[in-house]
Amino acid sequence: MSYPSHILVAAVLSVAASPVWAICAGNQETVFACSFGAKQVELCLTPTEDRVTYRFGPDQAPEIELTRGFDEITMQPWNGIGRAIWDRVTIPNGDFSYSLSWSYDKMDQEVSGGIDVARGETVLATLTCEDAGEGGAIMELETLSFAMQDAGFCRSDTSEALREGPCE
């Protein structure tokens with residue numbers, strides 16, 4: 001049986017990964033976690049409640065903790081084109097937003113990930129996960145994409161972000 005390459009990448013990442021944080025509650029699943037020096041980021045999925053929780057800051061003392069419903073976030077799944085497989089989710093916070101992304105380069109076989117912090121359309125900071133290629137990060141945003149699709153979110157074109165249905 002043949003599996004799509006993004007499923008195989010997810011399997012490799014989830015088997016090799018050990019959580020940076022273990023703060024996600026028992027009913028949650030860590031779909032993104034990595035470190036930036038003394039700080040970490042974690043995105044927890046609560047599929048039974050159609051929401052995610054974003055945490056950023058030092059270990060055991062997050063500076064930012066946001067919980068958002070699926071209808072409040074922007075999930076841009078991989079469009080199926082190009083040498084890299086990727087996913088991106090954006091969590092809003094007033095005028096600011098936090099975009100978590102990961103990428104797997106199929107040619108170089110390298111994994112990368114990080115956060116873009118923006119105010120409006122202006123990116124203020126870009127942080128690159130230090131442990132992305134070392135198996136210490138969790139980058140399973142496609143799990144969030146599938147949970148959102150199960151909850152009725154869809155897209156009419158692969159260039160679009162997921163949105164509440166119906167879609168063509």
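# Close-up views of a predicted model

View 1. Glu-49 counts as partly exposed, at 42% relative accessibility. On this scale, buried means under 20% relative accessible area, exposed means over 50%, and partly exposed is what lies in between (1.4 Å probe, protein chains only). Before you look further: this is a predicted model, where local features need pLDDT of at least 70, side-chain atom pairs count only at pLDDT 80 or more, and totals for chains, interfaces and linings use all residues. Residues are numbered from 1 along each chain as its sequence is written, and side-chain values use heavy atoms, with hydrogens and water left out. Now to the partner: Glu-49 makes a salt bridge with Arg-51, and their closest N and O atoms are 2.4 Å apart. A salt bridge here is a side-chain nitrogen of Lys or Arg within 4 Å of a carboxyl oxygen of Asp or Glu. Arg-51 is partly exposed too, with a relative accessible area of 22%.

View 2. Searching the whole structure turns up eight salt bridges. In one of them, Glu-42 meets Arg-55, with the closest N and O atoms 3.4 Å apart. Glu-42 sits in strand β2 (residues 39-46) and Arg-55 in strand β3 (residues 51-58), so this pair ties together parts that are 13 residues apart in sequence. Strands (E, at least two residues) and helices (H or I, at least four) are DSSP runs, numbered from the N terminus. Are the two partners buried or exposed? Glu-42 is buried, with a relative accessible area of 0%, and Arg-55 is buried at 7%.

View 3. Arg-163 is partly exposed at 35% relative accessibility, and Glu-160 is partly exposed at 28%. Elsewhere, salt bridges with shared partners link Glu-42, Arg-55 and Glu-65 into one network.

**View 4. Strand β1 and its neighbours.** Seven of the eight residues in strand β1 (residues 29-36) are buried, so the rest of the structure largely encloses this strand. β1 runs antiparallel to β2, and seven bridges join the two. Two strands are said to pair if DSSP finds at least two bridges between them. Look for Cys-34, whose bridge partner in β2 is Val-41. Between the strands of the β1 and β2 hairpin there are two residues, and Gly-37 takes a positive phi near 70 degrees. β1 also pairs with strand β10 (residues 138-139), in the antiparallel sense and over two bridges. There, Ala-33 has Ile-138 as its bridge partner in β10.

**View 5. The sheet as a set of strands.** In which order do the strands of the open sheet come? The order is β4-β3-β2-β1-β10: five strands, with antiparallel pairing. β4 (64-69) and β10 stand at the edges with a single partner strand each, so one side of each has no neighbour in the sheet. β3 and β4 pair antiparallel over six bridges, with Tyr-54 standing opposite Leu-66 in β4.

**View 6. Rings that pair up.** A pair of aromatic rings is described by how far apart the centres are and by the angle of the planes. Rings of Phe, Tyr and Trp (its six-membered ring) pair if their centres lie within 6.5 Å; planes under 30 degrees apart count as stacked, over 60 as edge-to-face, and the rest as tilted. The whole structure holds three aromatic pairs. One of them is Phe-36 with Phe-56, a tilted pair at 6.2 Å centre to centre and 45 degrees between the planes. This pair links distant parts of the chain: Phe-36 is in strand β1 and Phe-56 in strand β3, 20 residues apart. Phe-36 is buried at 12% relative accessible area, and Phe-56 is buried at 11%. Tyr-54 and Tyr-98 form a stacked pair, 5.0 Å centre to centre with 20 degrees between the planes. Here too distant parts are linked, with Tyr-54 in strand β3 and Tyr-98 in strand β7 (residues 96-105), 44 residues apart. Both of these tyrosines, Tyr-54 and Tyr-98, are buried.

**View 7. Around Asn-93.** Asn-93 belongs to strand β6 (residues 84-93) and is partly exposed, at 25% relative accessibility. Which residues does Asn-93 contact, leaving aside its neighbours within four places in sequence? They are Leu-66, Arg-68 and Tyr-98, where contact means heavy atoms within 4.5 Å. Glu-72 is 21 residues from Asn-93 in sequence, and 10.0 Å away in space, C-alpha to C-alpha.
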